[in-house]
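The sequence and structure come first, and the notes follow.

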Amino acid sequence: MKALLTPKGNEKAGDVGVLVLRVVVGTFIALQGEQKLFNLLGGGGLDGTAAFFASRGYAPAYPFAVIAGLTELVGGLMLAVGVLTPLASAALVGVMSNAVAVTLTSVGYWSKDGGAEYPIVVAVIAVCVAAIGPGRYSLDRSQPWASGGARPALVALVLGVGSAAAVLLFTGPLVGS
């Protein structure tokens, strides 16, 4: 798979590219998690996040706010440093899938309206990083999934969408819809 994505002789360029992608996306998602949990950089903190989650139908809202914040913070940091990349990707796919489901049913698609466009892009990036692999500039560089492929991408997709579906179908905002 990687040979298809990086022309011969450009392997280092591909590794640098995926490093930049991981660090930028992972850091921004981790910072979103920080805002949900601690509000050090602005954001709602746990109380504001729980109130928002309650307004969207998550019950009980406070534990879901903690889970979402921790998932974004830890999953984003894991993606940024390239450790357990398929699981980090799954974490981001999970929280973003919840965001997509809730925003599509309440707001719509476009991010200018607060819609699902942004979480869709983040989830796709997470799956793509798992498919490409974290690259040589990662803590995962010596792991079997470091070269990417269909299996790590499927792990990210199935675990992420599966966890989101469980929340949405059994305890989240789509219950009773």
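## Nonpolar cores

Leaving out residues up to four places away in sequence, L79 touches R22, V25, G26, T85, A88, S89, L92 and V129, where contact means heavy atoms within 4.5 Å. The model is predicted: local features need pLDDT of at least 70, side-chain atom pairs count only at pLDDT 80 or more, and totals for chains, interfaces and linings use all residues. Residues are numbered from 1 along each chain as its sequence is written, and side-chain values use heavy atoms, with hydrogens and water left out.

L79 is also one of the residues with the most contacts inside the largest nonpolar core, which has 18 residues; the others are V25, I29, L92, V93, M96 and V129. Helix 2 (11–37), helix 4 (61–81), helix 5 (85–106) and helix 6 are the elements that give two or more residues to this core. Helix 6 gives the most, with seven residues. A second, separate core has 15 residues, including L46, F53, A65 and L73. A nonpolar core is a set of buried Ala, Val, Leu, Ile, Met, Phe, Trp, Tyr and Cys residues joined through side-chain atoms within 4.5 Å. Buried means under 20% relative accessible area, exposed over 50%, and partly exposed in between (1.4 Å probe, protein chains only). Helices (H or I, at least four residues) and strands (E, at least two) are DSSP runs, numbered from the N terminus.

## Helix 3

Helix 3 covers residues 45–55, and its buried residues are G45, L46, T49, A50 and F53. They lie on the same side of the helix, because they cover an arc of only 155° around the axis; the arc is that of the directions from the helix axis to the C-beta atoms. These buried residues pack against helix 2 and helix 4. The face turned away from the buried side carries the exposed residues D47 and S55.

After helix 3 comes G57, with a positive phi near 100°. In the loop between helix 3 and helix 4 lies P60, and the peptide bond from A59 to P60 is cis, with omega near 0°.

## Salt bridges

A salt bridge is a side-chain nitrogen of Lys or Arg within 4 Å of a carboxyl oxygen of Asp or Glu. By this rule the count is three. R136 and D15 meet through their side chains at 2.6 Å, N to O. R136 is partly exposed at 38% relative accessible area, whereas D15 is buried at 3%.

E72 and K36 form another salt bridge, at 3.0 Å, N to O. E72 belongs to helix 4 and K36 to helix 2, 36 residues apart, and both are buried. In the pair of D113 and K112, the closest N and O atoms are 3.2 Å apart. D113 is partly exposed, with a relative accessible area of 43%, while K112 counts as exposed at 70%.

## The loop between helix 6 and helix 7

S138 is placed in this loop and is buried, with a relative accessible area of 2%. Apart from neighbours within four places in sequence, S138 is in contact with R22, V81 and G82. S138 and V81 are 57 residues apart in sequence, yet their C-alpha atoms are 5.8 Å apart in space.

Y137 lies in the loop between helix 6 (117–132) and helix 7 (150–170), and counts as partly exposed at 36% relative accessibility. Together with V16, V20, V24, F28, L31, F38, L40 and L41, Y137 makes a nonpolar surface patch of about 890 Å². Patches are made of residues with over 30% relative accessible area and no salt bridge: like charges are joined within 9 Å, nonpolar side chains (Val, Leu, Ile, Met, Phe, Trp, Tyr) within 5 Å. Accessible areas come from the Shrake-Rupley method with a 1.4 Å probe, and for residues only the protein chains shown count as cover.

Most residues other than glycine have a negative phi. N39, in the loop between helix 2 and helix 3, has a positive phi near 60° and is partly exposed at 34% relative accessibility. L84, in the loop between helix 4 and helix 5, has a positive phi of about 50° and is partly exposed, with a relative accessible area of 37%.
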